[in-house]
Amino acid sequence: MKAYRWGGPNSGLHLEDIAVPQPSTAEVLIQVETCGLCHSDCHIISGTGGAWIQQRPITLGHEVAGKVIALGESVSEVHIGDRVAVALLGPAGGIGLNYDGGYAEYAVVPVKYLEPIPDNVSFEQASVATDAVATSYHAVVRTGGVTASTTVAIVGLGGLGSIGLRIASLQGAIVYGFDIDSSKFEAAMRDGAKSCFSSLGDAKDVTFDVVVDFVGITSTMTAALEAVKPSGRIVLTGLGDEKLTLPTFSIVHKSVEIRGSLGATKEDLRTVLALISEGKITPDLEEILFSKVNEGLLRLEAGQTKGRLFTRPTLAKSLTIEGNSDDESDDEAKARVASSNLFASIKDQDASKCGLVTQDTASTTNNLFNPSTLRDSRYSNTDCFSKNGQQRPSFRAELDIPNLGPDQFL
Ligand SMILES: [Zn+2]
């Protein structure tokens, strides 16, 4: 089967042919119908999130939904053909983190992680429910303790933050949205925000019981400390800055509680699947071809996405992986060398540290191959990011990706 594998920092993410795994006693084999692309994968691939991954090499992809196609001997909780989502259990990790994930045609999953998908919820909705929606729910409701009597600030209205705002509103809370991009305010108001501002400092008349920071940089956390009430709570779920520098006096003087929030529980996943089924949450989705997963991750890293991205590994069947075929023509071989030289000539030493690897030069840069041919799934060409996480200017120009603010790195 085809699977996107990661071996460690600087190794890139590579499409490989590997054996279909077999379930052991308490596991099931699922055919992966959809897998969401997550910004966490960019952290993993670049190395900053490498410590989260115990198994190497590993198939990445942790937002997984599919059909059960084989059962371990002791499994009775699910049946062949069941539509299931795979729960991510916070610090306990899960698929695509502790064991092989869903950027693959098939995955083996311990049955305890499976949650049935309601009939009227699509696989792609279920995929993003496992992480983006459930993580937001967990941050706002479980970690933040947001209820109908809470006045809450949602900082960062990107993928997770916008869902978090909707969830806070569904709880009946008084909700304010914050983002440096005011174009997001209209949707936030539709989702139930009382008001939206560009920064917490603009809402001086409001006293917040809870601030949920989906950005996670020094400036947003410093502003959160100023805006939250004495003995209030700040939930940190964004990973914008690797390290934060915060005003000690504010934390101590106001007796502020700062809580990190990661992932969700299986109950959270069940709840958000029900909310989607009831039409109360409608994830904004965009499909990425399975052959373009690396490009999708590049767009995530650059903040060049609106909705949550997902891919369908079932479309992998017809992909040809470079090196597996012996019938490559001379012309194609020469073109491949030319492609390698092109990228080798890029003068950016940081590029050698890059995690992500583009896989399809044909459709993005030099048109050496016809984009419609699957042979052009070339995933070994180049590096993509400088150390500060921004896309290299040369590559940005090639993909026409604009500069974007830090709040978009969600
Ligand atoms: Zn994720």
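Two aromatic rings of Phe, Tyr or Trp count as a pair if their centres lie within 6.5 Å. With that rule in hand, welcome to this predicted model, in which Tyr-176, Phe-178, Phe-197 and Phe-208 form one aromatic cluster.

**Aromatic pairs**

- The rule above gives a count of seven aromatic pairs.
- One of them joins Tyr-4 and Phe-290, whose ring centres are 5.0 Å apart with planes at 70 degrees, so this pair is edge-to-face.
- Tyr-4 sits in strand β1 (residues 2–6) and Phe-290 in the loop between β15 (285–288) and α8 (293–301), so to speak a link between distant parts of the chain, 286 residues apart.
- Tyr-4 and Phe-290 are both buried.
- Phe-178 and Phe-208, two members of the cluster, also make an edge-to-face pair, with 5.8 Å from centre to centre and 80 degrees between the planes.
- That pair, too, links distant parts of the chain: Phe-178 belongs to strand β10 (residues 174–178) and Phe-208 to strand β12 (residues 208–213), 30 residues apart.
- Phe-178 and Phe-208 are both buried.

**A charge over a ring**

- Arg-83 lies over the face of Phe-123, at 4.5 Å from the ring centre.

- Cys-38, in the loop between β3 (27–37) and α1 (39–46), and Asp-131, in helix α2 (residues 123–143), link distant parts of the chain, 93 residues apart.
- Cys-38 has a relative accessible area of 6%, so this residue is buried.
- Asp-131 is buried as well, because its relative accessible area is 10%.

**The second largest pocket**

- The pocket is lined by 30 residues, and the closest to its centre are Leu-157, Gly-158, Ser-162, Asp-284 and Lys-306.
- Two elements give two or more residues to this lining, namely α3 (159–170) and α4 (185–190).
- Of the elements, α3 gives the most, with five residues.
- Sorted by class, the lining has ten nonpolar, ten polar and ten charged residues.

Note on methods: Residues are numbered from 1 along each chain as its sequence is written. This is a predicted model: local features need pLDDT of at least 70, side-chain atom pairs count only at pLDDT 80 or more; totals for chains, interfaces and linings use all residues. Side-chain values use heavy atoms; hydrogens and water are left out. Helices (H or I, at least four residues) and strands (E, at least two) are DSSP runs, numbered from the N terminus. Buried means under 20% relative accessible area, exposed over 50%, partly exposed in between (1.4 Å probe, protein chains only). Rings of Phe, Tyr and Trp (its six-membered ring) pair if their centres lie within 6.5 Å; planes under 30 degrees apart count as stacked, over 60 as edge-to-face and the rest as tilted. A charge sits over a ring if NZ of Lys or CZ of Arg is within 6 Å of the ring centre and within 35 degrees of the ring normal. On a 1 Å grid over the protein atoms alone, a cavity is a set of points where a 1.4 Å probe fits but cannot get out, and a pocket is an open set with protein on both sides within 12 Å along at least five of seven lines; lining residues have an atom within 4 Å of a point. Ala, Val, Leu, Ile, Met, Phe, Trp, Tyr, Cys and Pro count as nonpolar, Asp, Glu, Lys and Arg as charged, and the others, Gly among them, as polar.
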